[in-house]
Every structure is written in C-alpha cells, then in structure tokens.
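Me: I would like to learn how to read helix packing and pockets in a model. Could we work through one case?

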Amino acid sequence: LPQDAKRFAGVDKSYMRLTARAFETPNVILICHGSGTMRETLPHLASQLELCQRSLSGYFEAKRTMFPRFFFISDSLLLELLS
C-alpha cells in the first residue's frame, strides 16, 4: 500500500501540473495536441489510478475478512474509518 500511495501522489502531481498548464494556455488546441498531450497523458494517469484502486480494494477485502462487520460498510466509509 505505501507504493500505491507514492503512485497516487505522482498521478495527483501530474494531473495538477496538466490542469495548471491548461489554465495558463488560452488555446485549447495547443493544450490538447501540444507536447505531452492530454491524449497521451490522461489514459496513462487513468491506468495508474486503476492500479491504485485495485490495490485499495484488495486491502479492503483483507480487512473485511478479518472483521466481517465491515462487509456492510461502503468502500468510502471504510476508507474514512481506517485512515
């Protein structure tokens, strides 16, 4: 899970950089098709987030196996309880 936390931090940093660059550039075509295009960057970020989500789901399943009452709690609430 610590490795996934680092992966998420990297995705978050890349996304924030991408949105900041989009905010600074008034021409949408330059942002979408310029260097480091959104068409290349966003699918990569989405795949990295999927890996984080799978890891988090595995962690939740392990906790639910240890504590069966967690089966009745949503993932978002369980994340809040465990954090």
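This is a predicted model: local features need pLDDT of at least 70, side-chain atom pairs count only at pLDDT 80 or more; totals for chains, interfaces and linings use all residues.

Reply: Residues are numbered from 1 along each chain as its sequence is written, and side-chain values use heavy atoms, without hydrogens and water.

Me: At what angle do the axes of H1 and H3 cross?

Reply: Helices are DSSP runs (H or I, at least four residues), numbered from the N terminus. Axes are lines fitted to C-alpha atoms over the stretch in contact, with angles from 0 to 180 degrees between N-to-C directions. Here H1 (residues 2-24) and H3 (residues 38-66) have axes that come within 10 Å and cross at roughly 150°. That makes H1 roughly antiparallel to H3 (over 145 degrees).

Me: Which residues of H1 meet H3?

Reply: Contact means heavy atoms within 4.5 Å. On the H1 side, Asp4, Arg7, Phe8, Val11, Ser14, Tyr15, Leu18 and Ala22 take part, and their partners in H3 include Met38, Leu45 and Ser55.

Me: How do H3 and H4 pack?

Reply: The axes of H3 and H4 (residues 75-82) lie 11 Å apart at an angle of about 75°. That makes H3 roughly perpendicular to H4 (65 to 115 degrees). Leu56, Tyr59, Phe60, Lys63 and Arg64 of H3 touch Asp75, Leu78, Leu79 and Leu82 of H4.

Me: What lines the largest pocket?

Reply: Rolling a probe the size of a water molecule over the atoms shows where empty space is left. On a 1 Å grid over the protein atoms alone, using a 1.4 Å probe, a pocket is an open set of points with protein on both sides within 12 Å along at least five of seven lines; lining residues have an atom within 4 Å of a point. The largest pocket holds about 200 Å³ (the space filled by probe spheres set on the points, which are joined across faces, edges and corners). Its lining consists of Leu1, Asp4, Ala5, Phe8, Leu49, Cys52, Gln53, Ser55 and Leu56. H3 gives the largest share of this lining, five residues.

Conventions: Helices (H or I, at least four residues) and strands (E, at least two) are DSSP runs, numbered from the N terminus. Angles under 35 degrees count as roughly parallel, over 145 as roughly antiparallel, 65 to 115 as roughly perpendicular and the rest as oblique.
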